[in-house]
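Subject: Structure handover

Hello,

Here is the structure I promised to pass on. Please have it open while you read my notes below.

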Amino acid sequence: MPDEQMAAAGSAPVPPGGAPSAPQAPPRPLDPIDRSIMRLLQADGRASIRSVAEQVHVSRANAYARINRLIDDGVIRGFTARVNHERAGQGASAYITLKIVQNSWRTVREKLRELPGAAHIALVSGDFDVLLLVHTPDNRTLRELVLTRLQSIPEVLSTRTLLVFEETDLLDPGPPGGAPAIAAEE
C-alpha cells in the first residue's frame, strides 16, 4: 500500500445483506491509539500513514499495522467521501419514519435500498419500525418519493416525514486550519 494514500486500502466488499458471509471472531478491544486513528480516518479517509502516525505519536510501521488490523478485524469497513448534499444538487433532506407489517423488515429493507436518494435505513424500536434518511433535489421530488414510491410498498402501513432544515456533520473538522490535531488519549 502506498504510504501517502489510504483511500482504497482494504475495502472489502460487503454482501447486499450488509453482513459479512463468514462468521467473525469476537471483537478485540481497542486502545486509545486505535480510537484516535479511527477518528482521524473518519475525518479524512485520505490521510497518509505518515500523517496519522505523527498525530497519534507512533511510528509509521505501527500506524500501518494498526490500520491493517482495524481493516482485517472489520472495524474499518472501507473509505468513503462525505458529500455536501446541497452542493451536489440534493437540497431537500428528510428523515421518514415507517410503520411496517410485522416480520416484513427484510422485504422492506430491500425495497428501500432501491429508492433514489436513500442514504440510511435503520430498524428501530419505539413508535415506528424503520427510520429512513433520504436526499432529493427538491421538495416536489421528496413528495413524489413519499406519496408514490414509499406508500405503494404493500408492507408499509404508514409514514411520517420530518424535513431536515439544517445539518451539522460531527466528523467535519471545521474550516481549514481550524481543527487541532487529534492526539492519542491517555
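Arg-66 and Asp-31 form a salt bridge, with their closest N and O atoms 3.0 Å apart. (A salt bridge here is a side-chain nitrogen of Lys or Arg within 4 Å of a carboxyl oxygen of Asp or Glu.) Arg-66 sits in helix 3 (residues 60–72) and Asp-31 in the segment before helix 1 (32–43), so the pair ties together parts that are 35 residues apart in sequence. Arg-66 is buried, at a relative accessible area of 13%. Asp-31 is partly exposed, at 27%. (Buried means under 20% relative accessible area, exposed over 50%, and partly exposed in between, with a 1.4 Å probe and protein chains only.)

Before going further, a word on the source. This is a predicted model: local features need pLDDT of at least 70, side-chain atom pairs count only at pLDDT 80 or more, and totals for chains, interfaces and linings use all residues. Residues are numbered from 1 along each chain as its sequence is written, and side-chain values use heavy atoms, leaving out hydrogens and water.

Another one joins Lys-111 to Glu-155, at 3.1 Å from N to O. Lys-111 belongs to helix 4 (residues 105–113), while Glu-155 is in the loop between helix 5 (139–149) and strand 4 (156–164), so this pair links parts that are 44 residues apart in sequence. Lys-111 is partly exposed, with 30% relative accessibility. Glu-155 is buried, with 16%. Salt bridges that share partners also join Asp-31, Asp-34, Arg-66 and Arg-69 into one network.

Arg-109 pairs with Glu-110, the closest N and O atoms being 3.4 Å apart. Arg-109 is buried at a relative accessible area of 17%. Glu-110 is partly exposed at 32%.

Overall layout

The protein chain has five helices and four strands. (Both are DSSP runs numbered from the N terminus: helices are H or I with at least four residues, strands are E with at least two.) From the N terminus on, the order of elements is α-α-α-β-α-β-β-α-β. Of the 186 residues, 28% count as buried. The accessible surface is about 12300 Å², and 52% of that belongs to carbon and sulfur atoms. (Areas come from the Shrake-Rupley method with a 1.4 Å probe; for residues, only the protein chains shown count as cover.) Among contacts between residues at least 6 apart in sequence, 71% join residues at least 24 apart. (Contact means heavy atoms within 4.5 Å.)

The sheet

- Strand 2 (residues 118–123) and strand 3 (residues 130–136) are joined by five bridges. Ile-121 has Leu-132 as its bridge partner in strand 3. The hairpin of strand 2 and strand 3 has six residues between the strands, and Gly-126 there takes a positive phi near 120°.
- Strand 1 (residues 92–100) and strand 3 are joined by seven bridges. Ser-93 stands opposite His-135 in strand 3.
- Strand 1 and strand 4 pair over eight bridges. Ile-100 stands opposite Val-156 in strand 4.

Seven of the nine residues of strand 1 are buried, so strand 1 is largely enclosed by the rest of the structure.

Confidence

Which stretches call for care? The mean pLDDT of the protein chain is 84, and 79% of its residues reach 70 or more. (pLDDT is the predictor's confidence in each residue, from 0 to 100.) Over residues 1–18 the pLDDT stays under 50, and the model has 35 contacts beyond four places in sequence for them. Residues 177–186 are also below 50, with 19 contacts beyond near neighbours in sequence. Where pLDDT is low, the predicted coordinates should not be read in detail.

Best wishes

Terms used. Two strands pair if DSSP finds at least two bridges between them.
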